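Welcome! Let us walk through this structure together, one question at a time.

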Amino acid sequence: MSALVEVDGLTKHFAVGESGLLRRPRGLLRAVDDVSFTVDEGETLGLVGESGCGKTTVGRMLLRLIEPTAGKVRFEGQDLLRLAPDAMRAKRRHLQIIFQDPYGALNPRMTVEDIIKEPIEIHGAMDGRQARARVMELLSRVGLAPEHARRYPHEFSGGQRQRIGIARALALNPRFIVCDEPVSALDVSIQAQIVNLLQDLQDEFGLAYLFIAHDLGVVKHISDRVAVMYLGKIVELADRGTLYRQPLHPYTQALIAAVPEAKPRQRRRKAAITGEIPSALNPPRGCRFHTRCPHVMPVCREAEPPVTSPASGHQVACHLFPAG
């Protein structure tokens with residue numbers, strides 16, 4: 001299995017509080033700092049972390065919906081950040097996104113047919129009759145009926161609207177889809193239906209996903225590998241089984257310990273974590289997690305931990321696991 005998407009040193013800093021005649025920023029919000037990972041063909045990489053850690057910013061930078069400050073994003077070996085606008089537009093046929101809010105992502109003045117057909121028309125991929133047939137095919141594939149094509153977004157439930165968003169993302173036969181918390185706004189029973197639908201579509205079309213979420217239970221169900229983000233950095237990355245069975249980073253341990261148990265009588269020791277997430281405007285020196293870590297050492301306050309691989313395919317950025 002080869003890498004479909006390669007991310008290297010991806011960084012995004014937002015200027016904050018511009019002032020003066022030259023409009024110089026008063027500070028920088030370090031939303032994402034030097035993030036690297038790969039997504040293989042047909043794979044789902046889960047990206048998890050607390051709200052505000054930079055997950056969504058990473059996903060949108062991969063598609064150049066947000067322009068990175070630095071780094072590289074390669075799709076099929078080609079650096080997307082070097083593409084001219086016309087070339088990037090053509091490449092978007094293969095790169096799609098499913099948004100978190102299924103209502104806000106759909107134009108309320110357009111029918112479902114027009115919503116799904118819009119990307120087909122923009123790219124001139126099919127004529128009118130073919131496009132309509134494609135809409136009907138996609139509606140059936142995501143569990144909706146042909147008569148739904150004439151309705152508007154407000155006439156559907158949240159789960160149905162997300163199905164429409166999925167159908168739109170599939171319209172141009174993409175190879176890679178960013179799923180930006182696609183089930184977090186849905187009821188639990190509907191979440192399971194949408195996750196199962198995404199898995200079925202992946203098996204059928206060979207799709208690769210970056211699945212962004214804060215619910216580790218959902219991520220465990222759908223992901224092949226999981227990357228854990230904290231304050232703009234990836235602190236641990238491993239295959240799903242290894243990460244949930246033997247998490248190494250104290251932050252990952254705390255996240256997994258917070259997942260509710262299916263069997264409440266089976267008690268487990270909770271990982272101690274206290275305090276609030278520091279501001280990305282002024283992240284702590286050294287390890288960014290040291291202000292909340294139960295295992296903090298003097299070196300954690302001074303030096304940023306390198307990324308090491310204590311086991312094959314398992315990466316962690318923590319001074320508890322020094323290089324070599």
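Q: Which residues are linked with Glu41 in a network of salt bridges?
A: This is a predicted model, so the answers here describe computed features. In it, a network of salt bridges takes in Glu41. The residues linked with Glu41 are Glu76 and Arg175.

Q: How far apart are the closest N and O atoms of glutamate 41 and arginine 175?
A: Glutamate 41 sits in the loop between β2 (27–40) and β3 (44–48), while arginine 175 sits in the loop between α5 and β7 (176–180). The two are 134 residues apart, and the pair links distant parts of the chain. A salt bridge needs a side-chain nitrogen of Lys or Arg within 4 Å of a carboxyl oxygen of Asp or Glu. Glutamate 41 and arginine 175 form one, with their closest N and O atoms at 3.6 Å.

Q: Is glutamate 41 buried, partly exposed or exposed?
A: Buried means under 20% relative accessible area and exposed means over 50%, with partly exposed in between. Glutamate 41 has a relative accessibility of 35%, so it counts as partly exposed.

Q: What is the relative accessible area of arginine 175?
A: Arginine 175 forms a salt bridge with glutamate 41. Arginine 175 counts as partly exposed because its relative accessible area is 28%.

Q: How many salt bridges does a search of the whole structure find?
A: The pair of glutamate 41 and arginine 175 is a salt bridge, and lysine 233 meets glutamate 304 in another salt bridge. A search of the whole structure brings the count to 14.

Q: Why are glutamate 113 and lysine 117 separated by about one helical turn?
A: Glutamate 113 and lysine 117 form a salt bridge, and their closest N and O atoms are 3.3 Å apart. Both lie in helix α3 (residues 112–122). They are about one helical turn apart because their spacing in that helix is 4 residues.

Q: Are glutamate 113 and lysine 117 buried or exposed?
A: The cut-off for buried is under 20% relative accessible area. Glutamate 113 has 10%, so it falls on the buried side. Lysine 117 has 13%, so it also counts as buried.

Q: Which residues does glutamate 113 touch, not counting residues up to four places away in sequence?
A: Glutamate 113 has its place in helix α3. Leaving out residues up to four places away in sequence, its contacts are Arg132, Val135 and Ala149.

Q: How many residues apart in sequence are the parts that lysine 233 and glutamate 304 tie together?
A: The side chains of lysine 233 and glutamate 304 meet in a salt bridge, 3.0 Å from N to O. Lysine 233 belongs to strand β10 and glutamate 304 to the loop between α10 (298–302) and β11 (307–311), so the parts they tie together are separated in sequence by 71 residues.

Q: Which counts as buried and which as partly exposed, lysine 233 or glutamate 304?
A: Lysine 233 has a relative accessibility of 16%, so it counts as buried. Glutamate 304 has 48%, so it counts as partly exposed.

Q: How are α5 and α6 arranged, roughly parallel or roughly antiparallel?
A: The axes of helix α5 (residues 158–170) and helix α6 (residues 188–205) come within 10 Å and cross at roughly 15°. Angles under 35 degrees count as roughly parallel. The arrangement of α5 and α6 is therefore roughly parallel.

Q: How many residues of the contact of α5 with α6 are nonpolar?
A: On the α5 side are Gly159, Gln162, Arg163, Ile166 and Leu170, and they meet α6 residues including Ile190, Gln193 and Leu201. In this contact 3 residues are polar and 1 is charged, while the nonpolar ones number 7.

Q: Which elements are included in what covers the buried residues of α9?
A: In helix α9 (residues 250–257), 7 of the 8 residues are buried, so the rest of the structure largely encloses it. Among them are Pro250, Tyr251 and Ile256. The cover includes α7 (216–222), β9 (225–230), β10 (233–239) and α8 (240–245).

Q: How many residues of helix α1 are buried?
A: Helix α1 (residues 55–62) is mostly covered. Its buried residues are Lys55, Thr57, Val58, Gly59, Met61 and Leu62.

Key. Residues are numbered from 1 along each chain as its sequence is written. This is a predicted model: local features need pLDDT of at least 70, side-chain atom pairs count only at pLDDT 80 or more; totals for chains, interfaces and linings use all residues. Side-chain values use heavy atoms; hydrogens and water are left out. Axes are lines fitted to C-alpha atoms, for helices over the stretch in contact, and angles run from 0 to 180 degrees between N-to-C directions. Angles under 35 degrees count as roughly parallel, over 145 as roughly antiparallel, 65 to 115 as roughly perpendicular and the rest as oblique. Contact means heavy atoms within 4.5 Å. Ala, Val, Leu, Ile, Met, Phe, Trp, Tyr, Cys and Pro count as nonpolar, Asp, Glu, Lys and Arg as charged, and the others, Gly among them, as polar. Buried means under 20% relative accessible area, exposed over 50%, partly exposed in between (1.4 Å probe, protein chains only).
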